Amino acid sequence: MKYILKSTLLFLVINYLYSCNGVKKRSVSAPTPYENEFENQQPKILTFTFDSNTDTSFKTETGTKIKFTKNQFNNKDGLPAQGLITFQFREYHKISEMVFGKLSTLSDGKIIATDGMFYLNAINQTGDTLTLNPLKPLEITTHKNDKDSGYYTFYNDKKIKDSFNWKKAGRVFVPEVWDTVSVESFLNKVMNVLTVVELGFVNCDKFINNSNNGEVITSINTNTDADVPAYCTIVLKKYKSMVAANFDGENFVFKNIPLNEEAVLVCVGKIENEYYLVVKEFITSNGLKLKETMIKKTKIDAENELKKLNNLHSESI
């Protein structure tokens, strides 16, 4: 009996010591998709109210123009919406905005480069969500930041739950500009015209067609016992692209990353009013393993740090 009691006591002591000195509690986790704790850092939602039986248009401060035609929206019964319509519009042009929006530029595993992302929604006077009449697409005209003309309209694939997977639709129209001084001025003045048939998240993108791709694995800690939901992405310097990671329970895994490219690892987390941040420049290589520690930041410091990413690509907005 004494032997049994001693053995039991020894087992309890070992178990206690292991629980205290064993593997540390994981301090980083994946964020909850579509529940964005960075709402205040995203571009503001613009609202336009107009009569459903009129043709009208609105222009944002960035120069983006949205053209509406009468009877363009349908109610929940599939009939033309009547009365006043409130249209909600949010546009993302800067990398810092996209990071706080937890957006990504992937289409069925392939990387695409963005020339602007948008969120669109429409409601009637009773607050019901409306849909677009498929025979009357919405026209969005926005500044063209890239000299390439190979852009398409992409929609967020709603079939893939809790993920931003962009599905390619029609080609973006580029109107001719005749009154130009030089080729350079022509390329800078030209616009992209998106023909939109779905509300929700819309993207103006092109495929980068890079076949030399690999995997990058990142482990993150915070030097704290708190569980910090972190959003991690890799921003490519050569393309206006950002690839969000998949969290496997221990590491953030990035797949189909172009190799031998200059890139920036960005991880951002938030607990109440405390922000945690990683911003690290590196050269991509297949199987690369990064180990980083998130640094606690004030809200202002975190915003200013991420705004520096806006200088990675040329912007005309």
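Good morning. I begin with two strands: β15 (residues 213-221) and β19 (residues 252-258) run antiparallel and are joined by 5 bridges. Strands here are DSSP runs of E with at least two residues, helices are runs of H or I with at least four, and both are numbered from the N terminus. This is a predicted model, in which local features need pLDDT of at least 70 and side-chain atom pairs count only at pLDDT 80 or more, while totals for chains, interfaces and linings use all residues. Residues are numbered from 1 along each chain as its sequence is written, and side-chain values use heavy atoms, with hydrogens and water left out.

Within this pairing, T218 has F252 in β19 as its bridge partner. Two strands are taken to pair if DSSP finds at least two bridges between them.

Leaving aside neighbours within four places in sequence, A245 is in contact with C232, F252, V253 and F254, where contact means heavy atoms within 4.5 Å. A245 is buried, with a relative accessible area of 18%. The term buried means under 20% relative accessible area, exposed means over 50%, and partly exposed lies in between, using a 1.4 Å probe and protein chains only. S104 is 141 residues from A245 in sequence, yet their C-alpha atoms are 9.3 Å apart in space.

I turn to K270, which is placed in strand β20 (residues 262-271). What is its relative accessible area? The value is 19%, so K270 is buried. Beyond residues up to four places away in sequence, K270 touches E37, F38, V228, P229 and Y275. The side chains of K270 and Y275 are joined by a polar contact of 3.5 Å. A polar contact is a pair of N or O atoms within 3.5 Å; within protein, one must be able to donate a hydrogen and the other to accept it, and residues adjacent in sequence count only if both atoms are side-chain atoms.

Next, the aromatic rings. A search of the whole structure finds 17 aromatic pairs. Rings of Phe, Tyr and Trp (its six-membered ring) pair if their centres lie within 6.5 Å; planes under 30 degrees apart count as stacked, over 60 as edge-to-face and the rest as tilted. The rings of F50 and F73 have centres 6.3 Å apart and planes at 50 degrees, so this pair is tilted. It links F50 in strand β2 (residues 46-51) with F73 in strand β5 (residues 73-74), 23 residues apart. Both F50 and F73 are buried. For F154 and F207, the ring centres are 5.6 Å apart and the planes lie at 70 degrees, so the pair is edge-to-face. F154 is in strand β11 (residues 152-156) and F207 in strand β14 (residues 200-207), 53 residues apart. F154 is buried at 0% relative accessible area, whereas F207, at 26%, counts as partly exposed.

I close with backbone angles. Most residues other than glycine have a negative phi. K102, however, has a positive phi of about 55 degrees. K102 is buried, with a relative accessible area of 11%. N209 has a positive phi near 55 degrees, and N209 is exposed, with a relative accessible area of 71%.
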